[in-house]
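Please consult the sequence and structure while reading.

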Amino acid sequence: MKRLQLPDLLKGLAAFFMVQIHITELFIDTAGRESVLGKISLFLGGPFAAVIFMVVMGYFISKNKGTTSQNILRGLTIFILGFILNIGLNFHLLLKIYFEAWAYNPLEYLFGIDILYLAGMSIVILALLKSLRKRQQLITALLLLAVAVLNEFSNNSLTITNHYYVLPFIGGNYSWSYFPLFPWLAYPLTGFIFAQHESKIKLFAERQKIISTLLIVAVGITVMLFFNQGFETTINLPAYYHHTFTYILWALGISLLWILFLQLFLKLFPDTKLGDFFCWIGKNITLFYIIQWLIIGNIATKLYQNQTIGQYWYWLAGIFITSVVLTFLTKKAWTLLSRPFKKQKMAGIESEI
């Protein structure tokens, strides 16, 4: 079965935007982050990165043919991988805390709610929703509405003075909770719901082209009217990680426009080297994401926010290229190592036939 280009391209570009915002957030000094380039970098790392990634993930959870238990196992595996990645990307810092008594709480880094934690929890929830035989669509829609509307309430009610490391996975204004379920579950739920109604939406768009065009124009106008507010929220990282219902609507609106733009790009230019390159990254996004974080996270312990904005380009080029090369070599090595096992499996199947 041929892979869909658009989701891979969306994920590949999202991965690139994630790399560059990690560099800006962790390497660049205050003056650099507040410069025009710094703000653009922070903005590109918002709705075009994590939001898109989670929407696409929700879409594929709805479409895949795996059983409920298989999807739950997949979610738990990614969740555990998130914990392992937190150890790896903070390894240099954890050494400093242990051997040099740096005054940081290691638990806030081990349980820092990064996107793999969110992805794992979201997959489990979507798998359970997918297993419902009655009123699945209604329950999914109500859950999306609850996450979006009650998200600000959850942030306030779940924020307590003591250090509880379970609540930050759900919500609350904790400094180490970057992607809690409230509000971030809204995005995989949106992708999940879209996948369920995709055929009807496409049929409506084909039959009602004028109305569809007017709706897209209305979304575009709304995004522009609230652009300043959305932009300011995106570049204010605490506000971005714990954003409100209004921002969810704005982020989904600009994400829709981005998806339609890339869809048009692929229609006009279906076979380009650059497009294929980012599709390849999207196809291998989990491995790429882990590698770039291992590099950036451990360097950041030494260079935390002490680089100028002029050095941004060197770090971006170096780390992005290195991550791509290491992803390629890791995939190549895995293919070579797994080949004998595949041959043995095929030989066993042939002998049974």
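Is Lys-202 buried, partly exposed or exposed? Lys-202 counts as partly exposed because its relative accessibility is 44%; buried means under 20% relative accessible area, exposed over 50%, and partly exposed in between, with a 1.4 Å probe and protein chains only.

The model is predicted, so that local features need pLDDT of at least 70 and side-chain atom pairs count only at pLDDT 80 or more, while totals for chains, interfaces and linings use all residues. Residues are numbered from 1 along each chain as its sequence is written, and side-chain values use heavy atoms, with hydrogens and water left out.

**Salt bridges**

A salt bridge is a side-chain nitrogen of Lys or Arg within 4 Å of a carboxyl oxygen of Asp or Glu. By this rule the count comes to 4 salt bridges, including those in the table. Helices, here and below, are DSSP runs (H or I, at least four residues) numbered from the N terminus.

| Salt bridge | N to O distance |
|---|---|
| Asp-8 and Lys-11 | 3.7 Å |
| Glu-100 and Lys-96 | 3.1 Å |
| Glu-198 and Lys-202 | 3.0 Å |

Asp-8 and Lys-11 are separated by about one helical turn because they stand 3 residues apart in helix 1. Both of these residues, Asp-8 and Lys-11, are buried. Glu-100 and Lys-96 are 4 residues apart in helix 6 (residues 91-100), which again means a separation of about one helical turn. Glu-100 has 46% relative accessibility and therefore counts as partly exposed.

In helix 14, Glu-198 and Lys-202 lie 4 residues apart, so about one helical turn separates them. Glu-198 is buried, with a relative accessible area of 9%.

**The largest pocket**

What is the volume of the largest pocket? The value is about 1600 Å³, where a volume is the space filled by probe spheres set on grid points joined across faces, edges and corners. On a 1 Å grid over the protein atoms alone, a pocket is an open set of points where a 1.4 Å probe fits, with protein on both sides within 12 Å along at least five of seven lines; lining residues have an atom within 4 Å of a point.

The lining of the largest pocket consists of 35 residues, and Phe-194, Leu-256, Ile-259, Leu-260 and Gln-263 lie nearest the centre of the pocket. Two or more lining residues come from each of helix 1 (5-27), helix 4 (46-63), helix 13 (186-196), helix 14 (198-207), helix 15 (209-225) and helix 18. Helix 18 supplies the largest share of this lining, 10 residues.

**Nonpolar surface**

Leu-138, Leu-142, Leu-145, Val-149, Leu-150, Phe-153, Phe-245 and Leu-249 make a nonpolar surface patch of about 780 Å². Such a patch joins nonpolar side chains (Val, Leu, Ile, Met, Phe, Trp, Tyr) within 5 Å, from residues with over 30% relative accessible area and no salt bridge. Accessible areas come from the Shrake-Rupley method with a 1.4 Å probe.

At least two patch residues are supplied by each of helix 9 (136-149) and helix 18 (245-268). The largest share, 4 residues, belongs to helix 9. Val-149 is placed in helix 9 and, at 46% relative accessibility, counts as partly exposed.

**Buried and exposed helix positions**

Ala-127 lies in helix 8 (residues 115-131) and is buried at 1% relative accessibility. Leaving aside residues up to four places away in sequence, Ala-127 touches Thr-68, Asn-71 and Ile-72; contact means heavy atoms within 4.5 Å.

Helix 21 (residues 312-352) contains Leu-337, which is exposed, with a relative accessible area of 60%. Thr-327 also lies in helix 21, but this residue is buried at 1% relative accessibility. With residues up to four places away in sequence not counted, Thr-327 touches Trp-280, Asn-284, Leu-287, Phe-288 and Ile-291.

**Backbone features**

Most residues other than glycine have a negative phi, and most peptide bonds are trans. The peptide bond from Phe-182 to Pro-183 is cis, with omega near 15 degrees, and Pro-183 lies in helix 12 (residues 181-184).

Ala-101 has a positive phi of about 55 degrees although it is not a glycine. Ala-101 sits in the loop between helix 6 and helix 7 (106-110) and is exposed, with a relative accessible area of 61%. Gln-305 has a positive phi near 50 degrees. The place of Gln-305 is the loop between helix 20 (285-303) and helix 21, where Gln-305 is partly exposed, with a relative accessible area of 25%.

Key: Patch = residues over 30% accessible without salt bridge, like charges linked within 9 Å, V, L, I, M, F, W, Y side chains within 5 Å.
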